[in-house]
Amino acid sequence: MGTVKRKLLLIAAVMLSILLMISHAPDEIYRSEYSLCIADTSNNCNKHNMQWHNKGKDDEYMLGFVEINDQGQMRDRAQMAAILDHYYTVAAQDSLLITVYVHGWQHNASPDDSNVASFSGYLQKLSLVEADLAKRQNRPPRKIAGVYVGWRGQSVEIPGLNLITFWERKSTALDVGYLGITELFLKLEEISNVRNSWSPPIKSRLIIMGHSFGGQAVYGATAQILASRFIDSREHKTVQDDAKGFGDLVVLLNPAFEALRYLPLHDLSNSRCSYFESQRPRLAILTSETDYATKLAFPAGRFMSTMFEAYGTIERTFCSGKHKRELVLDEGDADRTTVGHFDPLISHELTPVLVAESLSIEAYDNIDNVWGLQAPGATTTYGRTALKHLNRTEPRNPYLNIRVSPELIADHGDIWRDEIQEFIRLLVVLAAHDEALDEGGAVAGKGD
């Protein structure tokens, strides 16, 4: 009987291997035409990596595609160069609001991927907000420029069977973050700064977003730079300045990486006892309470891969108003739990406002004043969402780790509904706000 069972298991393993081989998602470049394409009803531009949608209208936006292979390398450096060259040319004439999106598990850069359509819709709505803000503020609008970073987040196409790729794709996402996208991010940041030293009517800005393993890739590419720029926040070494970030804002949605990897930034930001009212968020992590992929599957896999690791206890003391705040962590728990589900490091909670309307353009315009007046432990309403400060960090700490109600993000992939995207747009407008200067040219409110 034992021999029969072994044969059956062997046959099952062989059949599974064959099934996996024939169900592999395509390993190819989707956007192979590198010329600019003006999208309209007669031309969807699906093969083009550089697209211009609704040109000349209030909701116009540009969308570029950069694709990364399983080894974390550009599939074709000419593809990236085409986008950079185009955006550099536009940035020399107009201010830009550049948004990068790195997708996660089970997605790619194909024309029929749902994330491509959702990100396009996000850019279109952001363009409308920017156009309305520009009219209200009597200035030219920034041009909305998107970059969709595609990689093989989906390596197996058969539904159900593709669920076993979770850990294999996590490894690939690490390579995407460490090898593939840092260069792209730095060059886009350079483009966003092209005209900023020329005193343009409004500064260009760079926002970087990542979901799931795309959030892990973004964090891997930016964490050390975020730390470096935080430490270097004493501009000219004579005055304390606002903490700087990578670009203007990094947003991670249901990111799939360990809380232990976030701890250095948490420690760094909490070592500072206060922040100016002008401090803007530099890193926002949003995780659904009911994202079971990162809440349950992730720690189960990490338990197996870390069972022979040696762990200890982490003890920290931070300033908190007139008192000291003690933090004691189990190092093993922090290494097996994702950043958005590790309670000691969560700084805020985001919940829905049941009877509320969408944000008005006046609310977007006034967000910098509202944000600057945050109080410890307070709850602030932003249109259809309410953000509660848990009094575990100083108000206006530039790094936010937000627990999100399932009514706003229901599960791992549910990141595009209107309410949560409205909150993200609010953070983007806040990060993109130009600081008012006093008569001497210094940022108002800064001291020695």
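Modeller: Buried means under 20% relative accessible area, exposed over 50%, and partly exposed in between (1.4 Å probe, protein chains only). This is a predicted model: local features need pLDDT of at least 70, side-chain atom pairs count only at pLDDT 80 or more, and totals for chains, interfaces and linings use all residues. Residues are numbered from 1 along each chain as its sequence is written, and side-chain values use heavy atoms, without hydrogens and water.

Colleague: What share of the protein's residues is buried?

Modeller: The protein has 448 residues. Of these, the buried ones make up 55%.

Colleague: How many helices and strands does the protein have?

Modeller: Both kinds are DSSP runs, numbered from the N terminus: helices are H or I with at least four residues, strands E with at least two. For this protein the count is twelve helices and 14 strands.

Colleague: How far does helix H2 reach from its first C-alpha to its last?

Modeller: H2 covers residues 77-91, which is 15 residues. The expected span is 1.5 Å times one less than the number of residues. H2 comes close to that expected value, reaching 21 Å.

Colleague: Which helix do the buried residues of H2 pack against?

Modeller: The buried residues of H2 include Met80, Ile83, Leu84, Tyr87 and Val90. They pack against strands S1 (33-39), S2 (48-53), S3 (61-67), S4 (96-102) and S5 (143-150). Their helix partner is H5 (182-192).

Colleague: Which residue's backbone nitrogen does aspartate 76 reach at the start of H2?

Modeller: Aspartate 76 uses a side-chain oxygen. That oxygen comes to within 3.0 Å of the backbone nitrogen of alanine 78.

Colleague: Is asparagine 54 buried, partly exposed or exposed?

Modeller: Asparagine 54 lies in the loop between S2 and S3. Its phi is positive, about 55 degrees, although it is not a glycine. Its relative accessible area is 24%, so asparagine 54 is partly exposed.

Colleague: Is arginine 396 buried or exposed?

Modeller: Arginine 396 sits in the loop between strand S13 (385-389) and strand S14 (399-404). Its phi is also positive, near 70 degrees, in a residue other than glycine. Because its relative accessibility is 15%, arginine 396 counts as buried.

Colleague: Is methionine 304 buried or exposed?

Modeller: Methionine 304 belongs to helix H8 (residues 292-305). Its relative accessibility is 56%, so methionine 304 counts as exposed.

Conventions. Contact = heavy atoms within 4.5 Å. Polar contact = N/O pair within 3.5 Å; in protein donor to acceptor, adjacent residues only side chain to side chain.
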